[in-house]
Every structure is written in C-alpha cells, then in structure tokens.
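Hi,

Here is the structure I said I would pass on.

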Amino acid sequence: MSSYTRREFIRTSVAAGAGAASSPLYAAPHRATDTVTLGKSGIRVTRLAFGTGTDNGVVQAALGQQEFSRLIAYAYERGIRFFETAESYITPAMLGEALRPFPRDSYVLMNKVTTDGGVDPHERFDQMRRISKTEYFDIMLLHWQHTAEWMSETRRWQDGIAEAQHKKTILSRGASVHGLPALRQMPGNQWLEVAMIRMNHKGTRMDGPSYRDDDNPDHVDEVVSHVRQVRRDGMGVVSMKLVGNGAFTQHADRQAAMRFAFQHAGVDCVTVGFKSKTEVDEAIDNLNLALA
C-alpha cells in the first residue's frame, strides 16, 4: 500500500468513525441525570429531581437532619442536581442545610410559595431565602393553584416574583396546579415559564373536576393533552405524583409511571420524594429504562 493510499485510508476511517459516533445508531443513551432545559425559563435541570414533600415533608423530616443530609449527598453523588421543596413543607430549612456543602451554582433549587392574603410577597421571599440558606431560587412556583381564577387571584404574587426576577433573587417562575379547573388555565398562559403538573398512568391522585387528591383515571387523557400543549407553548413541565403519592407499591407500576410520563405525556423532568438510597437508585434505574 502506497504512502498516499495509506493516508487516505486513515483519513477515511477516522471520518467514518466520527460519523458513526454522531449517528443516532451510536448516540449515547439518555439518562435520568442528563440536564435538560425547562422551556423558555432557560433553567437547566436533571431529568430527575429530589422531592422533599412526601406527606408535606413529614416522611423526609422523620429521617432527622443527619440522615437526610446523607441522603441528599448520596443523590448529589449519583448525579441528581435538581432539588425541590415548598414553603408549606417542613423541609426547606433541612434541605438548605443539606445542600450547604455543595457549590450553589452546581444544582437547581425550586421552591413554592403559598399565595395567601395579608402578606407582603417581598418579605415572604426574603424569609424563604433565609430559611433555605440561599441567595436566590432558580425556580419559584405559585403553590397549589386550584381554582379557575387563580391567575387573577395571584396577581400581586406574580408582580412580586417579577420584581424578584429583576433583582435576580428568583431566576424563573411558574405554578403548580391541582384540579382540572386550574390546569385548564395553563395552556396559552403568557406569564408561566414552568408548569408543575401531576402525572401517572393510572390517574392516581391526579387532576379531576375538583382540586381534591382523588383518583381520576377517566381524566388522564385530558391532563396529557394539556401537558403537550404547554410544552408547545414553550413552558417547561415538571411532573409530580409519579408514584401515586406512594400508592404504587408494585415495582412494575413505578416503572410504568416513568415510561408513561416521558414516552407518552412528554414531560421534561419528574420529581420523586425519597427516604432511602434504595429509592434513589430505583428511580434512576426506572427513568433510565424509560428513556432507553
């Protein structure tokens, strides 16, 4: 083989190898700990989030600070970089303490504010930041919106979040909803950047005609249709109730819920409340399988 031919052979082989690496047939598999962008919010999160609100945080708080911090560290080491809580949970201070060892810019912190009356939004946000031991929240949601009028009812909270965004103490905004009357206000909503929506394949503790946490299997298709629409509108979708608020005691149901959320509904990411390393490992495995 001549020198020229050998060079051509090597160059062609390298090019073919590079092409194969970029081909879908050789693409690296999607993983639970990949980062994805939550729509027009621009916030990048891991597909799997660590939730701290099981039974309003009672389950996580029962671990005690030391064990809870160990569990947060374990999830962080496994690659989870998205953590979420809410003002109404009993876990924000515990989560803030558990996250202290890690660089603030290495993870995303989402909180949810209770939109009650007679409260100054700015004072509330300052208090929430002190409790969480953070200078800013990556995502702030209007928590538990459950009426058809929630957009007009929360106007001053929306204004408060907008001012906090201007100050960079909140980076993006959204809402969590319960019940179809509230969920139906999300498609076409210009204020929302992030939508938190309940999702599983059985309709367990999912949205129905009222905000009550009932089982609503007959309304799953409507919920899915709203998820797909808000994503077309440019919102990021965070899904909750993936294990039916703990009702899915069978491994097969937990796997099916992950497949349904990502393959059928098309959510961006999901949050699961954990109380053990085994649960963290299983959720990562289930989500990796759903993405395969």
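**Helix packing**

Bear in mind that this is a predicted model. Let's start with helix 5 (residues 121–132) and helix 7 (residues 155–167), which pack with their axes 9 Å apart and at an angle of about 55 degrees. Angles from 65 to 115 degrees would count as roughly perpendicular and those under 35 as roughly parallel, so helix 5 and helix 7 are oblique to each other. Their crossing is right-handed. On the helix 5 side the contact is made by P121, H122, R124 and F125, and on the helix 7 side by R156, W157, G160, I161, E163 and A164. Sorted by class, the contact of helix 5 with helix 7 has 5 nonpolar, 2 polar and 3 charged residues.

Next up are helix 10 (251–265) and helix 11 (277–291). At what angle do helix 10 and helix 11 pack? The angle is about 50 degrees, and the axes of helix 10 and helix 11 are 9 Å apart. That angle makes helix 10 oblique to helix 11. Here too you'll find a right-handed crossing, with helix 10 passing helix 11. From helix 10, the residues H251, R254, Q255, M258, R259, F262 and Q263 come up against E282, A283, N286, L287, L289, A290 and L291 of helix 11. The contact of helix 10 with helix 11 divides into 7 nonpolar, 4 polar and 3 charged residues.

Helix 11 has another partner to look at, helix 3 (residues 64–78), and this pair packs at about 25 degrees with axes 10 Å apart. Is helix 3 roughly parallel or oblique to helix 11? Since angles under 35 degrees count as roughly parallel, helix 3 is roughly parallel to helix 11. Helix 3 passes helix 11 in a right-handed crossing. L71, Y74, A75 and R78 are what helix 3 brings to the meeting, while helix 11 brings K277, V280, D281 and I284. By class, the contact of helix 3 with helix 11 has 5 nonpolar and 3 charged residues, with no polar ones.

The largest pocket holds about 900 Å³ of space. It is lined by 39 residues, of which G53, T54, K241, N245 and G273 are the closest to the centre. The elements giving two or more residues to this lining are strand 6 (139–145), helix 10, strand 10 (269–273) and helix 11. Which element gives the most to the lining of the largest pocket? That is helix 11, with 4 residues. So helix 11 comes up again here, because it is a DSSP run that gives the most to this lining. By class, the lining of the largest pocket divides into 13 nonpolar, 15 polar and 11 charged residues.

The second largest pocket has about 170 Å³ of space. Lining the second largest pocket are S88, T114, T115, H143, W144, Q145, H146, T147, W150, E153 and T154. Strand 6 and helix 6 (150–153) are the elements that give two or more residues to this lining. Strand 6 has the largest share, 3 residues. As for class, the lining of the second largest pocket divides into 2 nonpolar, 8 polar and 1 charged.

Cheers

How values were computed. Residues numbered from 1 in each chain as written. Predicted model: local features only at pLDDT ≥ 70, side-chain atom pairs only at ≥ 80, totals over all residues. Heavy atoms only, no water. 1 Å grid on protein atoms, 1.4 Å probe; cavity = no way out; pocket = protein on both sides within 12 Å on 5 of 7 lines; lining within 4 Å. Points joined across faces, edges and corners; volume = space filled by probe spheres on them. Nonpolar A, V, L, I, M, F, W, Y, C, P; charged D, E, K, R; others polar. Axes fitted to C-alpha atoms, helices over the stretch in contact; angles between N-to-C directions. Parallel < 35°, antiparallel > 145°, perpendicular 65-115°, else oblique. Left-handed = near helix turned anticlockwise from the far one by under 90°. Contact = heavy atoms within 4.5 Å.
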